[in-house]
Amino acid sequence: MRYILILLIGAGLITSCSKQTNTTPSTVSTWTPPQNPNPSKILDEAEADARAGNYSDALAKQVWFFQNALKYDSAETGVRLSFALGDWVNLGQNYPPALDKLKAIRDDAEQNVRQGKDALNNCVDFIAINDALKDYDKTLELFIWLDANNSVLAKTVFGHSQHYLLPALIKSKQYQLCGKYIDANASMDKILQIYRYTMKHATESDDTSLKNFENQYLVNRTTTLIAVLTITGRKTDAQQIVDRISKESNLPEFKSEIEKALNGEIPSQSP
């Protein structure tokens, strides 16, 4: 599942890191990064510190990774906005200052978006953090504001963060807002790219659970796309996606789910 989350971000996201305002946790760590930091190693150390109960050091390393990893390794883009954030939220379950810090970074990002400061990077960060925190209402609120105030930026953000935005918007039945920004073929390209990448890994590692998860992902995201296009009056685009899927090889059979989507039935937003 980790590979899916990493690719979801890495397949289309920008690689620059937002600058955030620091806040001081209740317990100050004495940890400082080495002269030639290895972001992946530091993130691994943060996980180990969390397991050992060294919470302040774990938090310091999580913050450093989020704010600095891409300066040293742009390939950490996907990890930064998925896997690492999940670990950070888990740390917060045992160490409340970690959640306070993550929310402060999230709130700083929102203010930067509204003020037009590195708005794209900050918006992508904001949406990813909200997904990790399961705070979908905040994502919805800011995207509605973007739609009203900067539709060009909203379109770019949607292209980068669609996998987070679609569930958040659909939960609130914002179907027209989804339809306004969806690029049907580009969305399908990304769904298939993620599917093929992960299935290749699952096959090589003989990971049956990952294969099952990825098949569910393909069916869920494809039928969501078809249903939203149908509901928003883009039936020609919806049918083109169906026709395209029918010509693809090595995909699971899901004709009944496609028929439901063509009738405007939105699937549950999982996995």
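The side chains of Arg-114 and Glu-141 form a salt bridge, with N and O 4.0 Å apart; a salt bridge is defined as a side-chain nitrogen of Lys or Arg within 4 Å of a carboxyl oxygen of Asp or Glu. Arg-114 lies in helix 6 and Glu-141 in helix 8, so the pair ties together parts that are 27 residues apart in sequence. Helices (H or I, at least four residues) and strands (E, at least two) are DSSP runs, numbered from the N terminus. Arg-114 is partly exposed, at a relative accessible area of 28%, and Glu-141 is also partly exposed, at 47%. Here buried means under 20% relative accessible area, exposed over 50%, and partly exposed in between (1.4 Å probe, protein chains only).

The structure is a predicted model, in which local features need pLDDT of at least 70 and side-chain atom pairs count only at pLDDT 80 or more, while totals for chains, interfaces and linings use all residues. Residues are numbered from 1 along each chain as its sequence is written, and side-chain values use heavy atoms, with hydrogens and water left out.

The whole structure contains 12 salt bridges. In one of them, Asp-49 pairs with Lys-61, the closest N and O atoms being 2.7 Å apart. This pair links distant parts of the chain, with Asp-49 in helix 2 (residues 39-52) and Lys-61 in helix 3, 12 residues apart. Asp-49 is buried, with a relative accessible area of 12%, and Lys-61 is buried at 7%. Glu-45 joins Asp-49 and Lys-61 in a network of salt bridges. Another salt bridge connects Lys-180 with Asp-147, at 2.7 Å between the closest N and O atoms. Lys-180 belongs to helix 10 and Asp-147 to helix 8, so this pair ties together parts that are 33 residues apart in sequence. Lys-180 counts as exposed, at 51% relative accessibility.

The protein has 14 helices and zero strands. Of its 271 residues, 49% are buried. In helix 7 (residues 119-133), 12 of the 15 residues are buried, so this helix is largely enclosed by the rest of the structure. These buried residues, including Cys-123, Phe-126 and Ile-129, pack against helices 3, 4, 5, 6, 8 and 9. Glu-110, in helix 6 (residues 96-114), is buried with a relative accessible area of 12%. Leaving aside neighbours within four places in sequence, Glu-110 is in contact (heavy atoms within 4.5 Å) with Phe-126 and Leu-142.

A nonpolar core is a set of buried Ala, Val, Leu, Ile, Met, Phe, Trp, Tyr and Cys residues joined through side-chain atoms within 4.5 Å. The largest such core has 64 residues, of which Trp-88 and Phe-143 touch the most other members. Helix 9 (residues 151-171) gives the most to this core, with nine residues. Apart from it lies another core of nine residues, among them Trp-64, Phe-65, Val-79 and Ala-84.

Most residues other than glycine have a negative phi. Lys-173, in the loop between helix 9 and helix 10, has a positive phi near 60° and is exposed, with a relative accessible area of 62%. Asp-206, in the loop between helix 11 and helix 12, has a positive phi of about 55° and counts as exposed at 58% relative accessibility.

Note on methods. Expected span 1.5 Å × (residues − 1).
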